[in-house]
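Visitor: I should like to learn how to read the features of a structural model. May we go through one together?

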Amino acid sequence: MMKRTILAVLAAVVSVGAFACTSVIVSGKITPDGRPLLLKNRDADDLDNLVAMLQGEKYKFIGIVATNDVKMENVWSGHNEKGFAIFNTDAFNLNGKEKPEQENDGKVMKRALGICATLKDFEHLLDTLSKPMYLNSNFGVMDAQGNCAYFETSSKGYTKYDVNDPKVAPYGYLVRTNHAMTGDRSLDQGIERYMAISDLMENAAFAGSVNRDLLLRQATRHLTNGMTKTNLYDDMPESGTVDKMYPYTDFISRYYTASADVIQGVKPGEDPLLTISWTIIGCPLTTVAVPLMITKSGKLPEVVVRNGDGFSELCHYGLEAKKQLYPMTRGNGLNYINLPKLVNKQGTGCVQRLQPIETEIIRRGEQAIDALRRDVNSPKAAKAMDDYYQWADSYIRTELMRK
């Protein structure tokens, strides 16, 4: 009975636009530290996700995978030891109205992370795939040389948009949701989220404040609707004690947001191993970001990887916590959020409670990262990162999961 109920909920989710995502690519030319950035806010029907460290044909890589993908055949964002990083957003207007026979987007990203070191390598991969490719994505790609681009990729071919080209990206960034600029524009999807992320990025660009935290801590939890311009912070209830359901559709982070990933590249001349995936595994409204790097030990925090029960401890915490935000699962209930449990004037909402915890996770993470940046080959610095992961596990379990 429980399984049928879960399937019914997932079917309802799919019907209102699963597989939708919001993304940004930022050139290192406009960031304070000169390091480029990729953001993917992932929406999917497989809400149960985890992080994996995998060995590809050539390169080791970190990637986000669905928990039920036991063989880990598909990867939905990640970076490898050469500083190559990739994500996708579905582009529903690239292949027309017909549903493809199969979808290879996640498989291609896994393949790319295993064999590609540069954007040229990725272009070669796309050029040599058999046609039709069964692809339907805006691929966001970055390498250790600071090259960043979107590849609007259909089953037949692709078009590249270089974020470092001022003619293509005059303000040093590009955004994509669920349509491609080269597709059939009458089939555009994700328009409301495109408007929201565009407004956020434009305001930040003019203010000179495009940085990691803008993407990681604001964009992933942006509570302004792009179409209506409704800002939920303007309607914050007095406290979190009295439930109040509020319309909540087409925001950047939604019921079926499964994870978020901000991949921070390296400056020219830096070791590619200094690439960082600032990863929110699970619902961004109920879980926290953790910086993940490829070290010689191959270690990652225990809370983000598959545990002995087969799932990510942090992701499952977020899924459980999310139930108070979405108590109504029947009918169109998932289009409404219990606003006092999200934010309120007493500061006890989910988003408000996790912020100081995440701040400390980031602060301590930056200390370990700085040690690696001073000498990436130092055994002492590598141990500091492993020690940080151990600390993060304990801190998250104590400060977030037990609250």
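**Confidence, sheet, helices and cysteines**

Guide: The protein chain has an average pLDDT of 94, and 95% of the residues score at least 70; pLDDT is the predictor's confidence in each residue, from 0 to 100. This is a predicted model, in which local features need pLDDT of at least 70 and side-chain atom pairs count only at pLDDT 80 or more, while totals for chains, interfaces and linings use all residues. Residues are numbered from 1 along each chain as its sequence is written, and side-chain values use heavy atoms, with hydrogens and water left out.

Visitor: Over which residues does pLDDT stay under 50?

Guide: Where pLDDT is low, the predicted coordinates should not be read in detail. Here that concerns residues 1-18, where pLDDT stays under 50 and the model has 16 contacts beyond four places in sequence; a contact means heavy atoms within 4.5 Å.

Visitor: In what order do the six strands of the open sheet lie?

Guide: Strands of a sheet pair through backbone hydrogen bonds, either parallel or antiparallel. Two strands pair if DSSP finds at least two bridges between them; helices (H or I, at least four residues) and strands (E, at least two) are DSSP runs, numbered from the N terminus. In this model the order is β10-β1-β2-β12-β13-β14, with antiparallel pairing. At the edges are β10 (173-176) and β14 (289-292), each of which pairs on one side only. Six bridges join β12 (residues 257-264) to β13 (residues 276-281), and Ala-260 stands opposite Ile-280 in β13.

Visitor: Which strands does helix α4 touch?

Guide: Helix α4 (residues 191-207) packs on the sheet and touches β1 (21-26), β2 (37-43) and β10. Its direction makes about 165 degrees with that of β10; axes are lines fitted to C-alpha atoms, for helices over the stretch in contact, and angles run from 0 to 180 degrees between N-to-C directions.

Visitor: Why is helix α2 described as largely enclosed?

Guide: Buried means under 20% relative accessible area, exposed over 50%, and partly exposed in between (1.4 Å probe, protein chains only). Helix α2 (residues 105-115) is largely enclosed by the rest of the structure because eight of its 11 residues are buried. Among them are Val-108, Met-109 and Leu-113.

Visitor: How many disulfides does the structure contain?

Guide: A disulfide is a pair of cysteine sulfur atoms within 2.5 Å. A search of the whole structure finds zero. For Cys-116, the closest cysteine sulfur, in Cys-148, is 15 Å away, too far for a bond. Cys-116 is also buried, at 1% relative accessibility.
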